[in-house]
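Here is a short report for a reader meeting this structure for the first time. Please look over the sequence and the model before reading on.

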Amino acid sequence: MDIIKTLAQELQIKPGQAQAAVSLIDEGNTIPFIARYRKEATGSLDDEVLRQLYDRLNYLRNLDEKKQQAMSNIEEQGKLTEELKAQIEAAQTLVVVEDLYRPFRPKRRTRATAAKEKGLEPFANLILLQNTKKPLEEEAQAFLNPENGVSTIQEALTGASDIIAEAISDEADYRIRIRDMTTKNGMIASSAKNPQETSVYEMYYAFTERISKIAGHRVLALNRGESEKILTVKIEAPQDDIIRYLEKQVIVKKNPHTTPFLQAAAIDSYQRLIAPAIEREVRNSLTEMAQDGAIHVFGKNLEQLLMQPPIVNQVVLGWDPAFRTGCKISVVDPTGKVLDTTVIYPTAPQNKIDESKSIIKHLIEKYHVTLISLGNGTASRESENIIVDFLKELDTPVQYVIVNEAGASVYSASKLATEEFPNFDVGQRSAVSMARRLQDPLAELVKIDPKSIGVGQYQHDMNQKKLSQALAGVVEGCVNKVGVDLNTASASLLEYISGISKTVAKNIVTYRESNGQFTSRPQLLKVPKLGPKAYEQCAGFTRILNGKNPFDATAVHPESYDAASQLLTKLGYAPQDITTGGLKGISRKITDYRGLAQELGIGEITLRDIVKELEKPARDPREDMPKPILRSDVLEIKDLTPGMVLKGTVRNVIDFGVFVDIGVHQDGLVHISQICDRFIKHPLDAVSVGDIVDVKVLSVDIEKKRIQLTMRGI
């Protein structure tokens, strides 16, 4: 297989782009580095395409390896024909390679191998020739051998049938065709083990859908219902069509003696050997596609969540709500430093509302708090009512935001949180996390296992290795798009920077603590275990503000410093102009990018990137994202009425719709059919996590705490 050609066709890129990307990956370059600093080589492939290329490259190389192993094993048996070799080399999937290798794979003892040991293979071959003029019972006489365990005619016929059934089952072309027929025309069906039992799977108690049409979230729901022993799930293949197909392939001559026998053998082969295997393969394939789809959605949601804009220059009060144990409060300054922590008991059973208000007012006045970040967990609604009450009593304007606290408890109890706040209990750590999530969502959320952040669907049913790798790639992409301040970034943030491992991230922090702040990027080479290759990969994504070299505060890579300096000199500027913001509009001074790039000895794409960066040094891409909704009044589910139009924040996107926070304790659901007037295949085609949207209330079920919303016709 020509892997480069295949990658180019699948990803709809040029072979030269695919070759360049593969070469760069093989040289040990990371995806963010290739996407940002090797655009010249790859023709500006972005990180999403590069990650797809990386995944497919690994799959295709693994496929190639499996092909070589299969051909080598078959050749050792002396059975590798040119035709079979060509079939294996042309195989596009691992499943097809397995089909072709199946007849040559060392088998565990089967009914067919037992029959062959009894000397019945010649009898089976005689039947397959379909030339006999005698009844098979007469032909069987010649193969009776009591010493070998063939004492009766029926034993001989049964043994021959077992051999023929296995031979049919081992035929790769048959399996490929049957799998295709099952996938295209088969149904997936489910039923309840106990129809009287109520559960979340009731819509699947008597469910059938075409395999070719079923949505990924339904596949995952069926799998979970089956694993919880509530549902029975099966594949209903077009059996009559499949049997007719097999008979047509196996029965090549009209022979009254062999035709009925071969018909029965074909049915036995399908029902006993082929169908169970095909059902497993189809279910596995459906699950894999559903998981890949869900992982893609999870990744997109996570990216939007991580790229939420930070709320800067505000003193934030973090509020982790609870009942019996009290609400944990923390105050953090604009840099995230903890100024104070306490516990208040405004909720049941203590209900110390006045005392709690007094404490909060004191903290607000003492530290000039301008924003309250309230977690959306237990007692959030009760806490919100209290917050709204005392905000009305304040002389200074203070607003609040309800933040999703998914993953906060995981972080609070983690080793990382213990190291960060050794003297805090888990509640205090959680309150700090609530506040910091507003100030810099990316820096805070990287401390949490992405699977625990709460923007996925069926994440616990996934292939955990594949999910973790995909989500780690998303976090890595986000961190490198934003860049990190080398003198303030935590080890948790640094470990996602291109080329930096967990160990090296800790070493950077240790070096910083021992030697003071970094004053230049080349100082990174003094950090233990950070060599020239790692420096090349990471340098451009780090930032040093007020360092020795103004370029260190930008995304310009050190390898381009000379060219960037020459550019500034040519345009009549100095590097010091970077920090004063005096380079705005320099792009308008360049009339011939191609000629100037040649003069500077760099590529035109690189030159354009340098100019763009110098005009807006270290620009934060999160600035373009919608800002969170700041609130000063409370809304409850009983206040909602159909037709009411509200502004909300998209909290989660799943296959069948989106959940929107409209300021009440429960998020409302906008079904995919209610997102927009045009047809969309997936909600992600129209909305993303963090989007601020206008919604209209369709219906409210207070008892079940369900809110149906629409985004259409507003």
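The text below starts with the whole protein, then turns to strands, helices and single residues.

## The whole protein

This is a predicted model. The protein has 714 residues, and 50% of them count as buried. It holds 28 helices and 15 strands. Along its principal axes, the C-alpha trace spans about 105 × 70 × 50 Å.

The protein has 90 positive and 95 negative charges.

## Strand E5 and its two partners

Strand E5 covers residues 327–332. How many of its residues are buried? The count is 6 of 6, so E5 is mostly covered. Both of its faces are covered. Cys327, Ile329 and Val331 are buried on one side. Lys328, Ser330 and Val332 are buried on the other.

E5 pairs with strand E4 and with strand E6. E4 spans residues 316–320 and runs antiparallel to E5. E6 spans residues 338–344 and is also antiparallel to E5.

Each pairing is a hairpin. Between E4 and E5 there are 6 residues, and Gly326 in that turn has a positive phi of about 85°. Between E5 and E6 there are 5 residues, and Gly336 in that turn has a positive phi of about 95°.

Leu317 stands opposite Val331 of E5. Cys327 has Ile344 in E6 as its bridge partner.

## A parallel pair

Strand E8 spans residues 399–403. Of its 5 residues, 4 are buried, so E8 is largely enclosed by the rest of the structure. Its partner is strand E7, residues 371–375. E7 and E8 run parallel. Leu374 stands opposite Ile402 in E8.

| Strands joined | Bridges | Direction |
|---|---|---|
| E4 and E5 | 5 bridges | antiparallel |
| E5 and E6 | 6 bridges | antiparallel |
| E7 and E8 | 5 bridges | parallel |

## Helix H26

Helix H26 runs over residues 561–571. Its buried residues are Tyr561, Ala563, Ala564, Leu567, Leu568 and Leu571.

What covers the buried residues of H26? The cover includes helix H27 (593–600) and helix H28 (604–615). Just after H26 comes Gly572, with a positive phi of about 85°.

Glu444 sits in helix H21, residues 441–445. Is Glu444 buried or exposed? Its relative accessibility is 4%, so Glu444 counts as buried. The cut-off for buried is under 20%. Leaving aside neighbours within four places in sequence, Glu444 is in contact with Tyr411, Ser433, Arg436 and Arg437.

Ile176 is found in helix H12, residues 172–185. Its relative accessible area is 30%, so Ile176 counts as partly exposed. Beyond neighbours within four places in sequence, Ile176 is in contact with Val96 and Asp99. Val95 is 81 residues away from Ile176 along the chain. Their C-alpha atoms are separated by 8.9 Å.

Pro146 lies in a loop between helix H10 (136–140) and helix H11 (153–170). With a relative accessibility of 60%, Pro146 counts as exposed. The cut-off for exposed is over 50%. Pro146 and Gly516 are 370 residues apart in sequence. In space they are 90 Å apart, C-alpha to C-alpha.

Methods
Residues are numbered from 1 along each chain as its sequence is written. This is a predicted model: local features need pLDDT of at least 70, side-chain atom pairs count only at pLDDT 80 or more; totals for chains, interfaces and linings use all residues. Side-chain values use heavy atoms; hydrogens and water are left out. Buried means under 20% relative accessible area, exposed over 50%, partly exposed in between (1.4 Å probe, protein chains only). Helices (H or I, at least four residues) and strands (E, at least two) are DSSP runs, numbered from the N terminus. Contact means heavy atoms within 4.5 Å. Two strands pair if DSSP finds at least two bridges between them. Lys and Arg count as positive and Asp and Glu as negative; His and the chain ends are not counted. The place of a charge is taken as NZ of Lys, CZ of Arg, CG of Asp or CD of Glu.
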